[in-house]
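Hi there,

Here is the structure I promised to pass on to you.

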Amino acid sequence: MTVSNDDELQALQEIGRIVAQALAMMGKALEPGMTTAELDAIGRAHLERAGARSAPELCYDFPGATCISINEEVAHGIPGPRRILAGDLVNIDVSAEKNGFYSDTGASFLVPPAKPKLERLCRDGKRALWAGIGQVGVGKPLAGIGDAVGRFAQKNGYTLVRNLASHGIGRALHEEPTEIATWPDKRERRRITNGLVFTVEPFLSLGADWAEQGDDDPWTLYSEPRAPTVQYEHTLVATARGPLVLTLPG
């Protein structure tokens with residue numbers, strides 16, 4: 001999607017705030033002993049109060065309002081009876097639709113007490129995200145995002161999951177431009193146009209470079225090789241002044 005007027009931008013900002021608020025509420029509610037289904041219910045309740053609909057449910061019949069992935073799960077974890085334990089690394093991904101507009105955000109959280117290496121991983125996952133966002137601007141190469149994240153990962157001793165990419169969003173959950181790499185990709189030749197709406201969502205890891213399907217369900221993806229992995233994600237609009245981040249709780 002390319003934003004063409006203020007009404008579209010305001011609608012995108014509204015759904016961006018809604019998903020950001022849901023994510024913040026879920027992160028604040030995290031505590032040992034609760035199930036992922038209970039955590040998902042908190043996000044669902046906020047989306048419904050705000051008049052929004054879960055995008056995974058709406059678009060893909062996903063069995064939950066949000067995706068919640070724990071430890072060895074890297075993405076698309078199904079909310080259910082699994083109990084969250086002290087020390088767990090929990091990724092929450094929230095995407096939703098309202099009035100025909102979509103937004104997508106995500107973050108990883110640690111349930112205390114946390115291991116220092118995981119605290120560092122979470123801190124640096126946020127830094128990697130902003131390294132990528134810092135490369136967004138009208139006329140700039142899309143490849144700059146992955147190049148910046150790749151430099152950060154290499155400098156700090158991390159790997160990147162290379163088959164879970166950023167994507168266009170706006171009038172649909174996933175749209176053009178598709179497969180925006182958050183790792184160095186010499187094949188990428190596209191450039192960022194004014195008003196382009198898309199996500200930036202690197203997966204920073206302590207050893208994994210791939211996400212693979214598990215045997216238990218058709219949704220949950222696991223790190224390969226198995227290693228702690230974090231994801232942080234924002235939806236943004238490219239402007240002449242740089243990136244306008246839509247998924248802030250406000």
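The strands β6, β10 and β13 make up an open sheet in the order β6-β10-β13, and their pairing is antiparallel. At its edges lie β6 (159–160) and β13 (229–231), each of which pairs on one side only. On terms: strands (E, at least two residues) and helices (H or I, at least four residues) are DSSP runs, numbered from the N terminus, and two strands pair if DSSP finds at least two bridges between them.

This is a predicted model, where local features need pLDDT of at least 70 and side-chain atom pairs count only at pLDDT 80 or more, while totals for chains, interfaces and linings use all residues. Residues are numbered from 1 along each chain as its sequence is written, and side-chain values use heavy atoms, with hydrogens and water left out.

Back to the sheet: β10 (residues 203–205) runs antiparallel to β13, and three bridges join them. Phe203 stands opposite Gln231 in β13. Helix α4 (residues 116–133) lies across β10 and β13, where contact means heavy atoms within 4.5 Å. The helix runs at about 145° to β10; axes are lines fitted to C-alpha atoms, for helices over the stretch in contact, and angles run from 0 to 180 degrees between N-to-C directions.

There is also an open, antiparallel sheet of three strands in the order β3-β12-β11. Its edge strands are β3 (73–75) and β11 (210–213), each pairing on one side only. From one strand to the next, the twist averages 55°. Four bridges join β11 to the antiparallel β12 (residues 221–224), and Trp210 stands opposite Glu224 in β12.

Best wishes
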